[in-house]
Amino acid sequence: VRKKLALAAEHQREGRHEEAAALYREVLRNNPKNVDALRMLGILAFGEGNIDEAERLLRRAVSAAPDFVSAIIDLGLALKEQSRIEEAIECFRQATKLEPKNVKAHYQLAQILSPAALSDEAIDSYEKVLELRPKHGGALLGLGHVLKTMGRQEEAVESYRKCIAAKPDRGEVYWSLANLKTYRLSDEDIAEMESRVTGGELTDDSHVNFLFALAKAYEDRGDYDRGWGYYAEGNAKRRMLEHYDPVRFEMRNDAIINVFDQEFLEENTNLGNPDPSPIFIIGLPRSGSTLLEQILASHSMVEGTAELAYIRRVEHSLSKNRVDGVNY
């Protein structure tokens, strides 16, 4: 069994996923409760976008071994992917209780507490990560984001600066500083960023973020020609990384407009949630829905959320395993 698992893991590392999956299933035929095979098969399903199958396999692994921390963390990630925030938080909390010094568990807990607007708890979790690993770039960046959201700008800048010291080739950190709006990058920052974009050996995302940070820095200085040049270069590079078909996008939105016409809306009035508390903002792309959300969220009695994935999940479930082949 160990040899099969080792060979399967090697296939998985090399990207030979079908061969790996076949070996994991062979192990499970002989021992349905082999937690390593269950977990690794779940990770494969997750990587292929089959989140429901990943959750099923990971739950089997955790059921067979309730203290299997790696599987608990992976299950939390599968739940997070489905926007099942409370369940995911519980998984990560359980992992930190079982292994108080597990950096990944504390980091994933912090990463999900932050968008759940549990900012103080997120800060505690990020700080726990940094106690265990002081130069953890992700935690320093995430902590900076939470502090910025809470209006603690000086502390946010300090965390971003520590992240730059730990991960100087991470362009997102410089863009985070530039995107504070009221913060000005120094001459030394600009020189460092320009050496990075000309020196090579950056990930595509980092390269784009450096270009946008440079653009903002020159814009803030009134050097609009140089700023525009960096914006144009950054956008051109970003476009190469995006999978976007404008014709398909237009056809999809035309279909939405045709289905949700006046007659359809009149026939389906009074079907929403009568509770006066939630405010759902629904609109076509580029129609100003995010701007409206920001305007409402600026009110002291309104809390804005991230874009929610629930409608997309319902859409997927409606189309799943339809005998008649008709999809939503």
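Which backbone nitrogen does a side-chain oxygen of Asn34 reach at the start of H3? That of Asp36, to within 3.2 Å.

## Basis

This is a predicted model: local features need pLDDT of at least 70, side-chain atom pairs count only at pLDDT 80 or more, and totals for chains, interfaces and linings use all residues. Residues are numbered from 1 along each chain as its sequence is written, and side-chain values use heavy atoms, without hydrogens or water.

## Helix H3

Helices here are DSSP runs (H or I, at least four residues), numbered from the N terminus. Just after H3, Gly49 takes a positive phi of about 85°.

Several H3 residues are buried, including Val35, Leu38, Arg39 and Leu41. Buried means under 20% relative accessible area (1.4 Å probe, protein chains only). The buried residues of H3 pack against H1 (2-13), H2 (17-30), H4 (51-64) and H5 (69-81).

His11 sits in H1. Its relative accessible area is 14%, so His11 is buried. Leaving out residues up to four places away in sequence, His11 touches Arg16, Glu19, Ala20 and Leu23. Contact means heavy atoms within 4.5 Å.

Lys216 lies in H13 (residues 204-220). Lys216 counts as buried because its relative accessibility is 11%. Beyond four places in sequence, Lys216 is in contact with Trp175, Ala178, Lys181 and Tyr231.

Technical notes. Buried < 20%, exposed > 50% of the residue type's maximum accessible area, 1.4 Å probe, protein only. Helix = DSSP H or I, 4+ residues; strand = E, 2+ residues; numbered from the N terminus. Polar contact = N/O pair within 3.5 Å; in protein donor to acceptor, adjacent residues only side chain to side chain.
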